[in-house]
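Keep the viewer open as you read.

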Amino acid sequence: MKKTVMMLVLVAVLLCSTMFSFATSDPAVTIVSPSQTISGTNLLVSVKMTAPKTIKVSVYEEKEKVGDTLVSIDPTTVSDENFSSKTLFSVSVITPETFQGSGSLQFYNKQINDVSPGLYRVKVEVLDSNNVVTATSTQRTVVMPKDSEAASGSEIFESQQTGAFQWVQNLIKSIFKN
């Protein structure tokens, strides 16, 4: 009796923790970039293909409806729990682009400039010869506001140091004429 109850509990736990996927992904097509969180105003979309495939790439900004208008989602409040009860609206950021790869290793790259902070979704569809979708991959990314003061490469030479460290900095400056 105990073994039966234990097996039923185990099966229930496995079923409840399983995520269901409605679309299959193609192992030969991988979304490399963007990562889950980025900072700044540029979004780089990069897709790696390890087989000759035709793909269609779309980028959407996920928005929520407040009153009669769609507003960007505050990136500081993004979590999976936030969106389970909300209805998100996908607004296209770019016109979907089709790319046909012919080699055994190719990359599709697209830089999108002037994106505002919010939640974005990259969708890659694999198309067959009749332009029918055979596989789909999606990835969400959070775009955070750009930091107010980015570190510059010459900051190491701007601080006031004393002793041997200052001597090394001056030597390096004289070598590189910086």
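## Ground rules and overall fold

This is a predicted model, in which local features need pLDDT of at least 70, side-chain atom pairs count only at pLDDT 80 or more, and totals for chains, interfaces and linings use all residues. Residues are numbered from 1 along each chain as its sequence is written, and side-chain values use heavy atoms, with hydrogens and water left out.

The protein has 3 helices and 10 strands. Both kinds of element are DSSP runs numbered from the N terminus: helices are H or I with at least four residues, and strands are E with at least two. Along the sequence the order reads α-β-β-β-β-β-α-β-β-β-β-β-α.

Of the 178 residues in the protein, 27% are buried. Here buried means under 20% relative accessible area, exposed means over 50%, and partly exposed lies in between (1.4 Å probe, protein chains only). The accessible surface comes to about 12,200 Å², and carbon and sulfur atoms hold 56% of that; the areas come from the Shrake-Rupley method with a 1.4 Å probe, and for residues only the protein chains shown count as cover. A contact requires heavy atoms within 4.5 Å. Among contacts between residues at least 6 apart in sequence, 68% join residues at least 24 apart.

In soluble globular proteins, nonpolar side chains tend to be buried together. The largest nonpolar core in this model has 20 residues, and those with the most contacts inside it are Leu-43, Val-45, Val-47, Ile-55 and Val-124. At least two residues of this core come from each of β1 (29–33), β3 (43–49), β4 (54–66), β8 (106–112), β9 (118–127) and β10. By definition, such a core is a set of buried Ala, Val, Leu, Ile, Met, Phe, Trp, Tyr and Cys residues joined through side-chain atoms within 4.5 Å.

Leaving aside residues up to four places away in sequence, its contacts include Val-47, Met-49, Phe-99, Tyr-108 and Val-124.

## Strand β10 and its partners

Two strands pair if DSSP finds at least two bridges between them. β9 and β10 pair in the antiparallel sense over 10 bridges, with Val-124 opposite Ser-137 in β10. Strand β2 (residues 37–39) pairs with β10 in the parallel sense over 3 bridges, and Thr-37 stands opposite Val-142.

Thr-141 sits in strand β10 (residues 133–144). Why does Thr-141 count as buried? Thr-141 counts as buried because its relative accessibility is 0%. Its side chain reaches the backbone oxygen of Ser-35 at 2.5 Å. Not counting residues up to four places away in sequence, Thr-141 also touches Pro-34, Thr-37, Leu-43 and Tyr-120, among others.

## Salt bridges

Side chains of opposite charge can pair when their charged atoms come close. The structure holds 5 salt bridges, each defined as a side-chain nitrogen of Lys or Arg within 4 Å of a carboxyl oxygen of Asp or Glu. The table lists some of them.

| Pair | N to O distance |
|---|---|
| Asp-26 and Lys-53 | 2.9 Å |
| Glu-62 and Arg-121 | 2.8 Å |
| Glu-97 and Lys-110 | 3.1 Å |

Glu-97 lies in strand β7 (residues 97–100) and Lys-110 in strand β8, so this pair ties together parts that are 13 residues apart in sequence. Glu-97 is partly exposed at 26% relative accessible area, and Lys-110 is partly exposed at 26%. Shared partners join Glu-62, Arg-121 and Arg-140 into one network of salt bridges.

In the Asp-26 pair, Asp-26 is buried at 13% relative accessible area, whereas Lys-53 is partly exposed at 24%.

## Backbone details

Most residues other than glycine have a negative phi, and most peptide bonds are trans. The bond from Ser-33 to Pro-34 is cis, with omega near 15°, and Pro-34 lies in the loop between β1 and β2.

Asp-114 has a positive phi near 60°. This residue lies in the loop between β8 and β9 and is exposed, with a relative accessible area of 69%. β9 and β10 form a hairpin with 5 residues between them, and Asn-131 in the turn has a positive phi of about 60°. Asn-131 counts as exposed at 56% relative accessibility.

Methods: Polar contact = N/O pair within 3.5 Å; in protein donor to acceptor, adjacent residues only side chain to side chain.
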